[in-house]
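User: Hey, can you walk me through this model?

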Amino acid sequence: MWAFLVTEILFFGGMFMAYILYRTKFPDGFAHASAHLDWKLGGVNTAVLIISSLTMALAVYYSQTGNKQMLMLCLVLTMILGATFLGIKGYEYYHKWEDNLIPGSNFKWEGHPGDPQQVQMFYFLYFMMTGVHALHMIVGLGIMSVILWMASRDRFTAGYHSPVEISGLYWHFVDIVWIFLFPLLYLLGAHLHDQ
Amino acid sequence: MSEHVVSRKIYFVIFGTLMVMTGLTVWVANFNLPGPLNAIVALTIAVFKATLVVLYFMHVRYSSKITWVFIACGLIWLIILFALTLSDFLTRKWVPISTP
């Protein structure tokens with residue numbers, strides 16, 4: 001899993017590189033665009049994922065100590081939190097659609113400070129990065145349901161629980177990506193105070 | 001994987017630290033710091049949070065050296081990506097190129 005996660009570091013790394021470049025090129029446009037993201041929702045999502053990492057780590061702990069009931073409970077909690085994250089993301093995306101902020105023919109940026117082309121670039125990166133991240137979350141939920149099913153069938157003991165640990169590594173990685181996405185995307189324009 | 005069982009107490013302490021760091025990131029973002037300081041502070045906190053997740057939640061602190069090597073490889077290549085791309089991009093105005 002670590003070998004795979006290393007490839008994921010570079011996979012997301014490419015998009016972060018694009019972000020760095022365009023943020024350097026368009027600092028004002030990016031700040032104004034970022035001010036239109038709801039940092040409170042982003043902050044809640046950050047908390048949701050951090051809690052889910054805690055429940056995931058606890059799930060691994062209970063798999064190590066052979067506690068099937070608590071293992072399954074922690075897996076379920078992790079999945080509920082992951083689904084919550086996706087629900088909030090969907091809510092955000094829906095409002096972006098309503099506000100004409102999805103790049104493309106429908107994109108409109110009027111009456112707010114910031115060059116429209118620069119703002120559109122920001123939103124292009126926003127949707128790419130959070131979209132690919134959300135895809136990873138969905139895959140993570142799939143992985144967790146398999147692990148949950150395996151746990152329910154008594155496949156894990158204190159002696160054998162590697163799949164739980166390995167899945168946990170994937171889940172934590174997806175959390176780490178968000179830990180970087182949140183400040184870079186949501187908090188850029190926080191000091192501008194125009195919502 | 002590691003057979004070392006990390007205590008639940010450590011998990012909760014790390015969790016608490018992560019939440020406090022998140023709150024700190026949000027709080028600092030509200031101040032207009034000079035120059036690129038906003039980004040530097042936010043990224044420093046994010047790196048610290050990620051390090052905590054990697055070391056404790058992902059058990060890397062208790063893992064074999066080969067695991068450390070894998071992670072170091074990923075980070076080194078990421079740094080190469082950032083360093084080489086930025087060194088080109090940021091120095092583009094240094095050399096005037098005459099366009100035909």
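Analyst: In chain A, residues 24 or more positions apart account for 80% of the contacts with a separation of 6 or more. This is a predicted model: local features need pLDDT of at least 70 and side-chain atom pairs count only at pLDDT 80 or more, while totals for chains, interfaces and linings use all residues. Residues are numbered from 1 along each chain as its sequence is written, and chains are lettered from A and ligands numbered from 1 in the order in which they are written.

User: How many helices and strands does chain A have?

Analyst: Six helices and zero strands, going by DSSP runs numbered from the N terminus (helices are H or I, at least four residues; strands are E, at least two).

User: How do the axes of α4(A) and α5(A) cross?

Analyst: Helix α4 (residues 68–98) of chain A and helix α5 (residues 116–152) of chain A have axes that come within 10 Å and cross at roughly 160°. The axes are lines fitted to C-alpha atoms over the stretch in contact, with angles from 0 to 180 degrees between N-to-C directions. That makes α4(A) roughly antiparallel to α5(A) (under 35 degrees is roughly parallel, over 145 roughly antiparallel, 65 to 115 roughly perpendicular, the rest oblique).

User: New topic: how many residues does each chain give to the contact?

Analyst: Chain A gives 33 residues and chain B gives 33 residues. On the chain A side, α3(A) provides the largest share, 11 residues.

User: And what box do the C-alpha atoms of chain A fill?

Analyst: Roughly 60 × 30 × 30 Å, along the principal axes.

Key: Contact = placed C-beta atoms within 7 Å.
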